[in-house]
Amino acid sequence: MREISLDRLRTLVVIADNASFADAARQLNLAPPTISLHIAELEARIGAPLLTRTRGQVRPTVIGETLLARARRLLADADQALDEVRRQVAGLTGRVRLGASTGAIAHLLPQALEALRVEHPGIDVQVQVLTSQASLARLREGSLDIGLVALPQVAGKGLKVTPWRRDPIMAYVPADWQPPVQVTPAWLAARALILNDSTTQLSQVTGQWFAAAGLYPEPRIELNYNDAIKSLVAAGYGATLLPQEGEGVQHDPRILRRPLRPGLWRQLGIACRDGEVERATAHVLAALDKLRQ
């Protein structure tokens with residue numbers, strides 16, 4: 001069964017608005033026979049007359065009025081859809097799906113999102129808590145647009161990963177443990193630890209830091225939610241190693257933050273699909289680039 005063409009419906013609306021086939025032909029820049037053919041095709045499809053001509057005036061029939069009401073809504077919806085798509089293509093609106101760790105979401109993203117809200121208020125950034133590997137997998141399958149990932153990573157075909165930030169990894173220790181000015185692997189390994197689980201890049205980096213000193217401590221608990229880890233540190237449950245991630249003054253007096261000796265860094269990269277990206281995604285990437293270190 002043939003569908004009703006929007007062009008035919010537009011012809012019907014313009015004829016009804018002008019009460020004239022000739023005026024409609026001029027407005028639509030179509031030949032009069034083409035206008036007549038559009039109405040004939042609609043009437044054949046409907047199986048009833050849609051327009052009547054009385055004393056040179058063209059008026060819709062009762063069935064024509066019913067179709068006109070629907071046609072106006074359909075044409076308005078189609079015009080709105082095209083306008084929304086054009087605005088998205090122009091980068092004025094859009095949805096961008098971004099994956100990142102809880103730490104990056106809590107301490108880094110808000111700065112970028114605040115700037116984006118001012119400069120591009122029509123862009124909606126949907127944030128998901130994901131590990132680096134999960135972000136890369138979602139990018140490959142097309143369900144994610146940007147991933148903030150721990151480096152190094154193998155991007156794989158169709159993806160690109162560019163360095164973004166280099167943040168120091170610090171020791172977060174219960175205040176009543178009275179940690180030294182600089183925390184060493186030996187001092188930390190002798191105490192209860194709360195660390196990221198072994199599937200994360202951070203776990204590998206911190207594990208190598210301990211291993212370089214010949215130490216292989218077993219954590220008391222493994223978590224991937226940095227703020228939850230800090231809450232446990234504040235409760236005196238253990239110490240942890242986490243990137244500073246742009247944090248300012250430490251607020252919780254129950255936690256002391258100390259640099260490491262030897263120093264340790266966590267590197268982050270921005271992963272996205274290779275090639276040209278949509279403008280909304282490009283605006284988010286530009287906002288993130290302002291936080292580059």
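**Notebook: helix packing and cores**

I started with α1 (residues 6-18) and α4 (residues 62-89), two helices that pack at about 120° with their axes 9 Å apart. This is a predicted model, so I'm reading computed geometry here. Angles of 65 to 115 degrees count as roughly perpendicular, so at about 120° I have to call α1 and α4 oblique to each other. I also noted the hand of the crossing: α1 passes α4 left-handed.

Next I looked up who makes that contact. From α1 I listed Leu-6, Leu-9, Arg-10, Leu-12, Val-13, Ala-16 and Asp-17. On the α4 side I found Leu-67, Leu-68, Ala-71, Arg-72, Leu-74, Leu-75, Ala-78 and Asp-79. Sorted by class, the residues of this contact come out as 11 nonpolar, no polar and 4 charged.

Then I turned to α1 and α3 (residues 32-46). Their axes come within 9 Å and cross at roughly 110°, which makes α1 roughly perpendicular to α3. This crossing is left-handed. In α1 I picked out Asp-7, Arg-8, Leu-9, Thr-11, Leu-12 and Ile-15, which meet Ile-35, His-38, Ile-39, Glu-41 and Leu-42 of α3. The class count for α1 with α3 is 6 nonpolar, 2 polar and 3 charged. I spotted Leu-9 and Leu-12 in the contact with α4 and again in the one with α3.

On to the cores. Which residues of the largest nonpolar core touch the most other members? I got Ile-169, Leu-188, Trp-209, Leu-241 and Leu-260, out of 24 residues in that core. The elements giving two or more residues to this core are β6 (159-174), α8 (185-189), β7 (194-195), α9 (201-211), α10 (226-234) and β9 (240-243). β6 gives the most, with 5 residues. I also noted a second, separate core of 23 residues, with Leu-109, Ala-112, Ala-150 and Cys-272 among its members.

Trp-209 got its own entry. Setting aside neighbours within four places in sequence, I found Trp-209 in contact with Val-183, Thr-184, Pro-185, Leu-188, Leu-241, Leu-260, Arg-261, Pro-262 and Leu-264. Leu-188, Leu-241 and Leu-260 I had already met in the core list.

Last, I checked α9, the helix that holds Trp-209. What is buried there? I wrote down Gln-201, Leu-202, Ser-203, Val-205, Thr-206, Trp-209 and Phe-210. The cover over these buried residues includes β5 (146-150), β6, α8, β9 and β11 (265-273).

Key
Residues numbered from 1 in each chain as written. Predicted model: local features only at pLDDT ≥ 70, side-chain atom pairs only at ≥ 80, totals over all residues. Heavy atoms only, no water. Core = buried A, V, L, I, M, F, W, Y, C linked by side-chain atoms within 4.5 Å. Buried < 20%, exposed > 50% of the residue type's maximum accessible area, 1.4 Å probe, protein only. Helix = DSSP H or I, 4+ residues; strand = E, 2+ residues; numbered from the N terminus. Contact = heavy atoms within 4.5 Å. Axes fitted to C-alpha atoms, helices over the stretch in contact; angles between N-to-C directions. Parallel < 35°, antiparallel > 145°, perpendicular 65-115°, else oblique. Left-handed = near helix turned anticlockwise from the far one by under 90°. Nonpolar A, V, L, I, M, F, W, Y, C, P; charged D, E, K, R; others polar.
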